[in-house]
Amino acid sequence: MQIFLDTAKIDEIRKLVPTGVVDGVTTNPSLLAKAGCKDIKGAIKEICALVKEPVSVEVIGTQADQMIKEAREYSSWKLNTAVKIPMTEEGLKAVSVLSKEGIKTNVTLIFSTSQGLLAAKAGATFVSPFVGRLDDISHNGLEVVRDLAHIFKIYGINTRIIAASIRHPIHVVESAKAGAHIATIPTKVLEAMFRHPLTDIGIEKFLSDWKGLQESK
Ligand code: E4P
């Protein structure tokens with residue numbers, strides 16, 4: 001499974017890319033606002049230079065023609081982007097046009113298997129089921145990931161599933177088990193995945209034993 005960072009903060013991306021585990025990045029208007037990015041094109045350009053997979057950048061329009069216009073503008077930047085389009089009828093009209101133009105899309109705000117299925121049918125490059133937000137309202141977010149992975153496999157659908165709205169490391173592991181192609185992970189969750197208290201205790205013990213050996217010479 002691939003790992004994307006779910007952030008627009010360049011310093012976080014720069015810090016984690018050298019670990020070799022980050023394949024791509026997803027942004028959304030809230031994440032860009034949080035990162036204080038006013039120059040969206042500049043920020044996306046910087047991020048694209050750091051990762052190999054398409055960087056998701058979201059449209060603001062709600063009507064298909066507005067979304068198509070924004071997506072074509074992003075595409076004219078000639079960067080490796082995927083245009084994030086909300087899961088609505090208008091959104092899928094836009095996806096249908098954009099996919100024929102070879103513009104990559106990431107259909108976002110997916111909360112049911114039927115939505116994911118329609119987005120793939122319209123030609124989405126990626127679909128993003130929101131695992132955490134479903135769990136927040138007592139639904140099972142991982143079930144949507146599992147069902148979509150199962151259906152896409154049966155029909156040989158190439159759309160890639162991004163498990164989004166990830167809240168903790170268990171969501172990542174369970175998304176991998178459910179067949180997500182990608183998990184997009186907030187920085188603090190990815191950082192938590194590196195750590196285990198027994199690793200820290202183990203390092204401390206190895207170092208103190210080594211120090212003891214040197215002192216006994
Ligand atoms: C990513 O594509 C989504 O926009 C993001 O994962 C949403 O996460 P949230 O539910 O924590 O806002």
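**Exercise 1. Find which residues of α5 and α6 meet in this predicted model, and sort the contact by class.**

Step 1. List the α5 side. L92, V95 and S96 belong here.

Step 2. List the α6 side. L118, A119 and A122 meet the α5 residues.

Step 3. Sort by class. The contact of α5 with α6 has five nonpolar residues, one polar and no charged.

**Exercise 2. Describe how the axes of α5 and α6 are arranged.**

Step 1. Recall what is needed. Two packed helices are described by the angle between their axes and the distance between the axes.

Step 2. Locate the helices. Helix α5 spans residues 89-100, and α6 spans residues 113-122.

Step 3. Read off the values. The two axes come within 8 Å and cross at roughly 30°.

Step 4. Name the arrangement. Angles under 35 degrees count as roughly parallel, so α5 is roughly parallel to α6.

**Exercise 3. Work out how α6 packs on α8, and which residues make the contact.**

Step 1. Take the geometry. The axes of α6 and α8 come within 9 Å and cross at roughly 40°.

Step 2. Name the arrangement. That angle makes α6 oblique to α8.

Step 3. The crossing of α6 and α8 is right-handed.

Step 4. List the residues. From α6 come T113, G116, L117 and A120. From α8 come V144, D147, L148, I151 and F152.

Step 5. Sort by class. Six residues of the contact of α6 with α8 are nonpolar, two are polar and one is charged.

**Exercise 4. Do the analysis for α8 and α9.**

Step 1. Locate the helices. Helix α8 covers residues 141-155, and helix α9 covers residues 169-178.

Step 2. Take the geometry. The angle is about 25°, and the axes are 8 Å apart.

Step 3. Name the arrangement. That angle makes α8 roughly parallel to α9.

Step 4. α8 and α9 cross in a right-handed way.

Step 5. List the residues. α8 gives L142, V145, R146 and A149. α9 gives E174, S175 and A178.

Step 6. Sort by class. The contact of α8 with α9 holds four nonpolar residues, one polar and two charged.

**Exercise 5. Which residues are around the ligand, and how do they divide by class?**

Step 1. List the shell. D6, T26, N28, T108, S128, F130, G132, R133, A164, S165 and T184 are around the ligand.

Step 2. Sort by class. This shell has two nonpolar, seven polar and two charged residues.

**Exercise 6. Report the predictor's confidence in the model.**

Step 1. Take the chain. The mean pLDDT of the protein chain is 97, and 100% of its residues reach 70 or more.

Step 2. Take the complex. The predictor gives an ipTM of 0.98 and a pTM of 0.96.

Definitions and conventions
Residues are numbered from 1 along each chain as its sequence is written. This is a predicted model: local features need pLDDT of at least 70, side-chain atom pairs count only at pLDDT 80 or more; totals for chains, interfaces and linings use all residues. A residue is near a molecule or strand if its C-beta atom, placed from the backbone, lies within 6 Å of it. Ala, Val, Leu, Ile, Met, Phe, Trp, Tyr, Cys and Pro count as nonpolar, Asp, Glu, Lys and Arg as charged, and the others, Gly among them, as polar. Axes are lines fitted to C-alpha atoms, for helices over the stretch in contact, and angles run from 0 to 180 degrees between N-to-C directions. Helices (H or I, at least four residues) and strands (E, at least two) are DSSP runs, numbered from the N terminus. Angles under 35 degrees count as roughly parallel, over 145 as roughly antiparallel, 65 to 115 as roughly perpendicular and the rest as oblique. A crossing is left-handed if the near helix is turned anticlockwise from the far one by less than a right angle, and right-handed if clockwise. Two residues are in contact if their C-beta atoms, placed from the backbone, lie within 7 Å. pLDDT is the predictor's confidence in each residue, from 0 to 100.
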